[in-house]
Amino acid sequence: MTTITFIHPDGRRERIDAGAAETVMLAAASHGVAGILAECGGNAMCATCHVYVEGGWPDRLPVMTSEEDALLDGAAAERLPNSRLSCQMRVTPELDGLELRLPDRQT
Amino acid sequence: MNPQGFSESTNALKHPAAIPHLDVDPFAIDFFKDPYPDQERLREAAPVVYLDKWNVFGVARYAEVHAVLNDPLTFCSGRGVGLSDFAKEKPWRPPSLILEADPPMHTRTRAVLSKVLSPAVIKQIRDRFAAAAEAKIDELLQRGTFDAVADLAEAYPLSVFPDAVGLRREGREHLLPYAAVAFNAFGPPNELRQTAIEGSAPHQAYVAEQCQRNNLAPGGFGACVHALADTGEITVTEGPLLVRSLLSAGLDTTVNGIGAAIYCLARFPEELVRLRRDPTFARNAFEEAVRFESPVQTFFRTTTRDTEISGYHIDEGQKVLMFLGAANRDPRRWEDPDRYDITRKTSGHVGFGAGIHMCAGQLVARLEGEVVLAAIARKVEAIEIAGPVKRRYNNTLRGLESLPVTIRPV
């Protein structure tokens with residue numbers, strides 16, 4: 001079981017089991033997590049599945065590609081050093097316990 | 001035509017469940033008039049069907065359409081995304097460097113358009129596009145009754161997109177006819193395609209000329225494409241053809257997308273009420289209209305090797321027709337698929353395609369759709385159909401020729 005916690009802008013915490021989903025975005029979508037729009041369906045084109053990676057997690061995730069880097073420049077909410085696109089985060093057992101804060105807007 | 005085709009002779013041996021042959025012609029006027037019963041037949045017959053009329057395979061269920069879109073090495077685009085196989089037939093125009101291309105070439109050209117149309121770029125044009133949408137809706141409220149196709153779905157994109165590309169003012173009347181030809185040409189050699197290509201010379205000449213670097217205003221999308229030739233990301237000769245992709249695919253698609261959204265709100269007034277109550281649904285109301293109407297109905301791929309889709313064998317060199325519109329209404333994927341619901345979770349619909357060829361201009365399309373619907377949400381009380389609705393027939397695009405409406409201010 002790979003448990004991921006989403007922290008909504010109002011502070012509400014939502015824990016989901018990412019289970020067999022391929023990416024964190026798809027796991028969020030399958031649990032209906034509000035705040036992950038994923039307009040492009042996970043094709044790395046829209047920057048509407050933006051998340052802030054909390055705690056010590058940023059250093060433990062695989063480094064981002066130049067495409068993800070460029071897309072994040074266009075994210076609707078402020079880009080921070082811990083910004084990532086959840087469609088580019090593959091679900092692996094190592095992600096168990098991951099905490100992701102949701103931005104106040106995606107478009 | 002050999003209606004029995006090769007599929008029965010070879011495939012029946014390789015797969016116990018033969019691929020059903022259907023007599024549906026998805027490029028016939030009667031199909032366009034009401035595609036839904038036939039799309040259901042295509043979907044329900046099997047995961048893969050064979051269309052005797054044009055000797056092609058077809059996939060109409062969401063899972064299979066999605067799978068084909070996401071396997072571009074097996075289902076290639078370089079042999080054309082229409083019925084015509086570029087390995088056997090001379091294309092009607094020089095092939096697109098992005099739509100009708102495969103990796104590794106496609107990877108390079110795609111990166112160029114992704115850069116030119118990136119989220120960061122779209123942020124910069126947002127205010128301008130929104131102001132133009134406000135002004136357009138204000139103007140239409142003054143008129144009261146108008147044609148939502150010509151006066152809104154066409155007029156709004158024409159008022160913002162050619163300027164964003166950096167086109168000269170003169171000659172813009174060729175843009176929509178050129179796009180109509182391009183989308184008709186993906187179809188089979190029926191009357192729609194033949195007539196379109198026969199009349200295309202002046203439109204092609206305009207587009208070829210307009211794509212040249214010296215005809216594009218500085219700062220526009222077109223100039224940005226050409227600028228990437230300076231840094232070596234594309235060659236000087238590739239620039240004009242990549243600009244052509246913006247002109248082929250950037251206008252008629254949003255015209256039909258916005259037209260679809262207005263048509264939806266006119267037919268389902270309770271959804272307009274919901275939109276007015278919460279205008280933040282504007283963007284999703286547009287996205288849902290793209291799912292619901294699927295302005296781009298179909299595209300082909302060509303198999304690069306003997307392969308299987310859901311266990312059904314297909315030989316190398318075969319055309320596979322993807323029914324995007326049918327996939328977007330597949331009850332296996334969508335709850336209550338024939339309902340237009342502005343609050344639906346639309347992520348994953350294939351109205352913009354999926355995978356490496358997914359619409360490069362989707363962010364421009366969403367921006368245009370969102371700002372038009374947001375202006376309507378704030379200013380328009382009701383949209384009523386005020387005359388006969390006429391459909392426009394195109395081998396690939398689904399949309400209207402005329403949609404007379406009356407709108408009332410809030």
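I begin in chain B, where helix 13 and helix 15 pack with their axes 8 Å apart, at an angle of about 95 degrees. Axes here are lines fitted to C-alpha atoms, for helices over the stretch in contact, and angles run from 0 to 180 degrees between N-to-C directions. Helix 13 of chain B is therefore roughly perpendicular to helix 15 of chain B, a term that covers angles of 65 to 115 degrees. Helices (H or I, at least four residues) and strands (E, at least two) are DSSP runs, numbered from the N terminus.

A word on the source: this is a predicted model, in which local features need pLDDT of at least 70 and side-chain atom pairs count only at pLDDT 80 or more, while totals for chains, interfaces and linings use all residues. Residues are numbered from 1 along each chain as its sequence is written, and chains are lettered from A and ligands numbered from 1 in the order in which they are written.

To return to the helix pair, B:Gly257, B:Ala260, B:Ala261 and B:Cys264 of helix 13 meet residues of helix 15 that include B:Ala285, B:Phe286, B:Ala289 and B:Val290. Contact is taken as C-beta atoms, placed from the backbone, within 7 Å. Ala, Val, Leu, Ile, Met, Phe, Trp, Tyr, Cys and Pro count as nonpolar, Asp, Glu, Lys and Arg as charged, and the others, Gly among them, as polar.

A residue is buried if 20 or more other C-beta atoms lie within 10 Å of its own, with C-beta atoms placed from the backbone. The cover over helix 15 includes helix 13, helix 14 (269–277), helix 17 and strand 12 (398–402) of chain B. After helix 15 of chain B comes B:Ser294, with a positive phi near 45 degrees.

Helix 15 also brings us to the other chain. In total, 15 residues of chain B are in contact with 16 residues of chain A. On the chain B side, helix 6 (119–143), helix 15 (282–293) and helix 17 (362–379) each supply at least two residues. The largest share, four residues, comes from helix 6 of chain B. This side of chain B divides into six nonpolar, five polar and four charged residues.

From chain A, consider A:Ala29, which is found in helix 1 (residues 24–30). A:Ala29 counts as buried because it has 22 C-beta neighbours inside 10 Å. Leaving aside its neighbours within four places in sequence, A:Ala29 is in contact with A:Ile36, A:Ala38 and B:Ser347. One of these, A:Ala38, lies in the loop between helix 1 and strand 3 of chain A and has a positive phi near 55 degrees. A:Ala38 is itself buried, with 23 other C-beta atoms within 10 Å. A:Ala47 is also found in the loop between helix 1 and strand 3 of chain A; its phi is near 60 degrees, and it counts as buried with 30 C-beta neighbours inside 10 Å.

Next, the sheets. Chain A has an open sheet of five strands in the order 2-1-5-3-4, with mixed pairing; two strands pair if DSSP finds at least two bridges between them. Its edge strands are strand 2 (13–17) and strand 4. Strand 3 of chain A pairs in the antiparallel sense with strand 4 over three bridges, and A:Tyr52 stands opposite A:Ser83. With strand 5 of chain A, strand 3 pairs in the antiparallel sense over two bridges.

Chain B has an open sheet of six strands, ordered 1-2-3-9-6-4, again with mixed pairing. There, strand 3 and strand 9 run parallel and are joined by three bridges. B:Gly58 has B:Leu321 as its bridge partner in strand 9 of chain B.

Finally, a cis peptide bond joins B:Pro103 and B:Pro104, with omega about 5 degrees. B:Pro104 lies in the loop between strand 4 and helix 5 (105–116) of chain B.

How values were computed:
Two residues are in contact if their C-beta atoms, placed from the backbone, lie within 7 Å. Angles under 35 degrees count as roughly parallel, over 145 as roughly antiparallel, 65 to 115 as roughly perpendicular and the rest as oblique. A residue is buried if 20 or more other C-beta atoms lie within 10 Å of its own, exposed if 12 or fewer, and partly exposed in between; C-beta atoms are placed from the backbone.
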